[in-house]
Amino acid sequence: MSDKTLPRHPAEPSTHQDLLSRIATLEARVRELEAERDQLQDQTEARIREQTAALRESEERFRRALEIETVGVIFFNAHGDITWANDAFLRTGGYTQEDVAGQRLRWDRLTPPEWMPASRRAIAQLKTTGSTTPYEKEYYRKDGSRWWGLFAAKGLSENDGVEFILDITEHKRAEAERERLLRDAESARAEAETANRAKVDFLGAMSHELRTPLNAVGGYVDLLDLGVHGPVTEAQRAALSRITANQRHLLMLINDILAYAKLDAGQVPFDLRRLAAGDVLGSVEPLIAPQATAKGIAYSAQPCDPALGLIGDQERVRQILLNLVTNGIKFTSAGGWVLLSCDADTAWLYIRVRDNGPGIALEKQRAIFDPFIQVDRRADQPQEGVGLGLAISRDLARGMGGDLSVESAPGAGSAFTLCLPRAEDEPRASG
Ligand code: ADP
């Protein structure tokens with residue numbers, strides 16, 4: 001090629017040398033661009049590789065999440081076919097992946113007839129809001145038996161959705177069992193109440209039948225004692241007094257048993273009103289003094305604040321205190337003392353009966369409030385009573401909204417505390 005044959009461009013290098021150098025520059029530029037292109041290509045490939053790996057990682061995490069063993073997960077299409085199910089779902093229903101692949105699992109085939117309305121409501125909700133509120137229903141297993149699930153679905157597109165299902169069969173079984181037990185307990189309670197009423201009626205009738213001849217025994221003994229049927233020798237008089245003592249004892253037992261049965265059946269009415277604590281404590285002394293003196297026990301009641309009051313039934317409170325003080329006198333040896341006192345806090349009034357008798361071992365303290373329990377009862381040392389006094393007293397205290405408790409130790413005496421709701425203080429006399 002000769003530059004003489006070609007017309008020259010004004011910008012064209014004038015010499016062959018220039019031309020060569022220009023070509024070299026252009027070639028260098030082409031190489032640069034090629035290198036740049038290669039680099040870009042490498043970078044693009046690397047980025048694609050990174051993104052593919054990230055996608056795979058995210059898919060893998062998603063897949064692992066769906067493998068959760070405790071929650072069934074199914075994907076379904078718009079026709080109601082289950083298109084994918086995790087092992088948890090298949091295991092619960094006894095199905096296999098082949099059943100899914102063979103399109104043998106459809107929600108309407110799995111749903112027992114009575115649960116169809118609930119399922120339809122859920123589908124309607126899914127269509128309008130895109131998801132369902134969790135709902136419970138039964139599903140068929142492959143063997144035709146049923147299981148309970150808690151279902152919650154979400155639409156993924158127009159044509160498919162996902163549903164999470166918690167197997168609550170065991171929970172439902174326990175719930176049914178609890179309800180059955182509750183019903184059993186309820187009917188047992190009703191039966192016990194009927195039996196209790198029958199017991200009280202029987203005891204009422206029986207105690208009446210027993211009291212009548214017992215009173216007659218007392219009457220005839222009195223007549224004999226008065227010498228109506230002829231003179232009475234000293235030995236006979238002693239025998240008559242033992243008969244009287246036993247007759248009274250029997251009467252007391254019968255009355256106690258009837259009272260306890262009535263309390264136990266909730267048949268004791270309480271006449272609750274404000275009582276002045278001082279009056280309540282003072283009312284015990286006249287009834288107890290002869291007994292205390294006869295046994296050589298010093299009985300005293302500490303004066304209590306005249307403003308203090310309690311809410312209770314006067315007769316029942318007195319009955320409890322009489323029982324506690326009588327016990328104090330009964331179990332304390334001659335020369336001992338029994339002390340009645342009271343104090344209060346904002347809500348409660350406490351009446352204490354203390355003695356310096358034998359005390360009660362800690363392990364026996366709970367039992368003495370049970371009916372017919374007598375600590376250290378010995379056949380050769382018959383004590384009065386049948387072990388009902390404290391059971392009756394505690395029931396009476398609780399019936400009035402209070403309680404009865406004991407603090408004691410062997411050799412250190414006993415302190416019984418009757419606690420009852422405190423009444424408003426009596427306004428103090430001004431002046
Ligand atoms: P009872 O007096 O008929 O035996 P209670 O229910 O009143 O029945 O008392 C139950 C038992 O509690 C008594 O048998 C006695 O063992 C014990 N107990 C009650 N009060 C005292 C007391 N102040 N000191 C020692 N033991 C007592």
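Biologist: What does serine 414 do with a nitrogen atom of the ligand?
Modeller: A polar side-chain atom of serine 414 lies 3.5 Å from that nitrogen. That is a polar contact (a pair of N or O atoms within 3.5 Å). This is a predicted model, where local features need pLDDT of at least 70, side-chain atom pairs need 80 or more, and totals for chains, interfaces and linings use all residues. Side-chain values use heavy atoms, without hydrogens or water, and numbering starts from 1 along each chain.

Biologist: And which side chains reach an oxygen atom of the ligand?
Modeller: Asparagine 327 has a side-chain N or O atom 2.8 Å from a ligand oxygen. For lysine 330, a polar side-chain atom sits 2.9 Å from a ligand oxygen.

Biologist: How much of the ligand's accessible area does the protein cover?
Modeller: 96% of the 540 Å² that the ligand has on its own (Shrake-Rupley, 1.4 Å probe).

Biologist: New topic. At what angle do H9 and H10 cross?
Modeller: Roughly 5 degrees, for residues 285-295 and 314-331, with axes coming within 10 Å. Axes are fitted to C-alpha atoms over the contact stretch, with angles from 0 to 180 degrees. H9 and H10 are therefore roughly parallel (under 35 degrees).

Biologist: Which residues of H9 make the contact?
Modeller: Leu287, Ile288, Gln291, Ala292 and Lys295 (heavy atoms within 4.5 Å). On H10, the contact residues include Lys330, the lysine with the 2.9 Å ligand pair.

Note on methods
Helix = DSSP H or I, 4+ residues; strand = E, 2+ residues; numbered from the N terminus. Parallel < 35°, antiparallel > 145°, perpendicular 65-115°, else oblique. Polar contact = N/O pair within 3.5 Å; in protein donor to acceptor, adjacent residues only side chain to side chain.
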